[in-house]
Amino acid sequence: MNTIKEIGEFIRKLSTNPNTNTVTNQYLDEKKQKNLRIYLTEMLGLNSKLLLLGEAPGYKGCAVSGIPFTSEYIMLENPNKTVIFGKDKGYEKISVSNFEKERTATMIWNALIKLDKIPLLWNSFPFHPHKDRNPQSNRPPSNKETEIGKNYILHLENVFNIEHFIPVGRKAEKLLKNMNIKAEEYVPHPSRGNKSKFIEKLKTSF
């Protein structure tokens, strides 16, 4: 398998979905396509067989950077000193003012660094769901929307030879079960008052 070619095809498929009044496809932006391509290529080098599956992009995180569970600040400033992020990797700044930060992204990356694990990060629904005509908001993806995410998950499973799935939240857990993918019990989302539970459950899931 030509994995670099597969990554290109994966991003091409993402870029074909149109925006709607309640969903923004961040991958219509070529800079965010580039950021995702760099991230996925860097992750190939780590040879990670573990995928952490969330719900959907947030408007201050993946919707800006193009990378799941990752703010623009983490992507460019690389505060955790990971081998996959930093300005020297070629990532593009998107915001017009200061780097965007996101609480969830900060908590998740702090936890991953403490546990010394860097899984592949993805979402059940790869696009940003928001309130009607309000992209600066978040909402949970519908069941119909997470159905759209199935093919993207399978594509990544194939490209990265994923052997171990960890869902973040019940919606991701339910989707993996519907796909007949064996996965760990869900890890509670850290931004909903479950930071310590998230870290402890993640530790036992790795």
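Tutor: The side chains of Arg12 and Glu9 pair up in a salt bridge, N to O at 2.9 Å; the term covers a side-chain nitrogen of Lys or Arg within 4 Å of a carboxyl oxygen of Asp or Glu. This is a predicted model, so local features need pLDDT of at least 70 and side-chain atom pairs count only at pLDDT 80 or more, while totals for chains, interfaces and linings use all residues. Residues are numbered from 1 along each chain as its sequence is written, and side-chain values use heavy atoms, with hydrogens and water left out.

Back to the pair: Arg12 and Glu9 sit three residues apart in helix H1 (residues 3–14), so about one helical turn separates them. Helices here are DSSP runs of H or I, at least four residues, numbered from the N terminus. Arg12 is partly exposed at 44% relative accessibility, and Glu9 is partly exposed at 28%. The cut-offs are under 20% relative accessible area for buried, over 50% for exposed and partly exposed in between, with a 1.4 Å probe and protein chains only.

Arg133 and Asp132 also form a salt bridge, at 2.9 Å; Arg133 is exposed at 60%, whereas Asp132 is partly exposed at 45%. Then there's Glu145 with Arg139, at 2.6 Å: Glu145 is buried at 11%, and Arg139 is partly exposed at 23%. By this rule the count is nine salt bridges.

Glu72, in helix H4 (residues 72–77), is buried yet has no salt bridge, and Lys93, its nearest side chain of opposite charge, is 4.6 Å away.

Conventions
Helix = DSSP H or I, 4+ residues; strand = E, 2+ residues; numbered from the N terminus. Lys, Arg positive; Asp, Glu negative; His and termini not counted.
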